[in-house]
Amino acid sequence: MYRVTGRTRRGPGGPRVQRAGAPGAAAGKPNGRPVPPVVLALRRLPQPRLTGLGAGLFASAVMLTLGFLDLLLLDGSPVVYGLLFLPVSALTALWVRAADLVTAPIGVPIAFAVGVVPIAGGTGGFGGQAMAVVTALAVHAGWLYGGTLVAGLIASVRKVREMGRRQHLVRTAAAAAPAAGNPAGPSAGAGEAPGAGGRGSAPGGRTPRRRPVG
């Protein structure tokens with residue numbers, strides 16, 4: 001494929017048509033520098049925007065599913081459950097919308113508690129199961145704090161970037177406002193000589209006196 005370079009300046013003998021895959025024809029990269037593979041991989045990930053409630057339900061559902069899978073496949077390994085909790089916390093903080101960023105560090109601990117129910121191993125009815133869950137949360141508090149810290153850091157970084165983006169938009173709008181408006185024309189009396197008033201004004205700016213009749 002080829003593309004026309006348009007009206008860009010070219011040196012003596014420089015072609016006006018260049019191959020689209022050439023190093024200098026990188027889209028969005030004037031200097032043609034390659035994008036790191038990690039950045040490309042992150043850009044390919046889906047980026048939904050969940051509400052605060054939706055993010056909490058997403059994290060709880062995923063952790064509950066992982067808890068059952070951990071119980072069935074690994075006999076309820078707390079280490080595997082804790083390791084899986086970290087990426088779920090990161091995705092929850094990444095996918096929640098900007099208006100509900102504060103809910104991410106609140107929803108992931110609840111999701112951890114919901115997902116730990118299958119691997120808690122409680123017996124003896126609701127009371128025994130509740131005590132088992134509380135014990136599991138106390139024993140594995142390190143994973144709980146780690147996932148909450150991950151969600152809090154990601155939410156904080158996103159909040160700072162969002163504030164910086166808003167300030168940049170405000171500065172851009174403020175700088176473009178004078179240029180967007182029509183330039184002010186000359187004032188009504190700017191081109192008139194001093195004393196050149198309205199109707200009936202005499203030269204020199206003095207109003208002529210009327211002679212009395214009779």
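**The whole chain**

The chain contains seven helices and two strands, and their order along the sequence is β-β-α-α-α-α-α-α-α. Of the 214 residues in the chain, 22% are buried. When contacts between residues at least 6 apart in sequence are considered, 59% of them join residues at least 24 apart.

**Confidence**

Next, colour the chain by pLDDT. The mean over the protein chain is 74, and 62% of the residues reach 70 or more. Select residues 4-8, where pLDDT stays under 50; the model has six contacts beyond four places in sequence for this stretch. Then select residues 14-30, where pLDDT likewise stays under 50 and for which there are 26 contacts beyond four places in sequence. Where pLDDT is low, the predicted coordinates should not be read in detail.

Is valine 62 buried, partly exposed or exposed? With a relative accessible area of 25%, valine 62 is partly exposed. The C-alpha atoms of valine 62 and valine 88 are separated by 7.6 Å, although the two residues are 26 apart along the chain.

Move on to aspartate 75, in the loop between α2 and α3. The phi angle of aspartate 75 is near 60°, a positive value in a residue other than glycine. Aspartate 75 counts as exposed, its relative accessibility being 67%.

**The packing of α3 and α4**

Select residues 78-95 for helix α3 and residues 104-115 for helix α4. Two packed helices are described by the angle between their axes and the distance between the axes. Here α3 and α4 pack at an angle of about 150°, and their axes are 10 Å apart. The crossing in which α3 passes α4 is right-handed. Which residues make the contact? From α3, display Tyr81, Phe85, Ser89, Thr92 and Ala93; from α4, display Ala104, Val108, Ala111, Phe112 and Gly115. By class, this contact of α3 with α4 has seven nonpolar residues, three polar ones and no charged ones.

**Two residues of α4**

Keep helix α4 in view and centre on alanine 111, which lies in that helix. Alanine 111 counts as buried because its relative accessibility is 1%. Beyond its neighbours within four places in sequence, alanine 111 is in contact with Ala59, Ser60, Met63 and Tyr81. Glycine 56 may also be selected: its C-alpha atom lies 7.0 Å from that of alanine 111, while the two residues are 55 apart in sequence.

Now select valine 114, also in helix α4. Valine 114 is partly exposed, at 29% relative accessible area. When residues up to four places away in sequence are not counted, valine 114 touches Ser60 and Leu64.

**Salt bridges**

Side chains of opposite charge can pair when their charged atoms come close. How many salt bridges does a search of the whole structure find? The search finds three.

For one of them, select arginine 97 and aspartate 100, whose side chains meet at 2.7 Å, N to O. Arginine 97 counts as partly exposed at 37% relative accessibility, whereas aspartate 100 counts as buried at 15%.

Then select residues 141-180, which form helix α7, and display glutamate 162 and arginine 165. These two form a salt bridge, with their closest N and O atoms 2.7 Å apart. Arginine 165 and glutamate 162 are separated by about one helical turn because they are three residues apart in helix α7. Arginine 165 is partly exposed, with a relative accessible area of 41%.

Arginine 166 and glutamate 162 are four residues apart in helix α7, about one turn of the helix. Through salt bridges that share partners, Glu162, Arg165 and Arg166 are joined into one network, and the tour ends there.

Key
Residues numbered from 1 in each chain as written. Predicted model: local features only at pLDDT ≥ 70, side-chain atom pairs only at ≥ 80, totals over all residues. Heavy atoms only, no water. Axes fitted to C-alpha atoms, helices over the stretch in contact; angles between N-to-C directions. Left-handed = near helix turned anticlockwise from the far one by under 90°. Contact = heavy atoms within 4.5 Å. Nonpolar A, V, L, I, M, F, W, Y, C, P; charged D, E, K, R; others polar. pLDDT = per-residue confidence, 0-100. Salt bridge = Lys/Arg side-chain N within 4 Å of Asp/Glu carboxyl O. Buried < 20%, exposed > 50% of the residue type's maximum accessible area, 1.4 Å probe, protein only.
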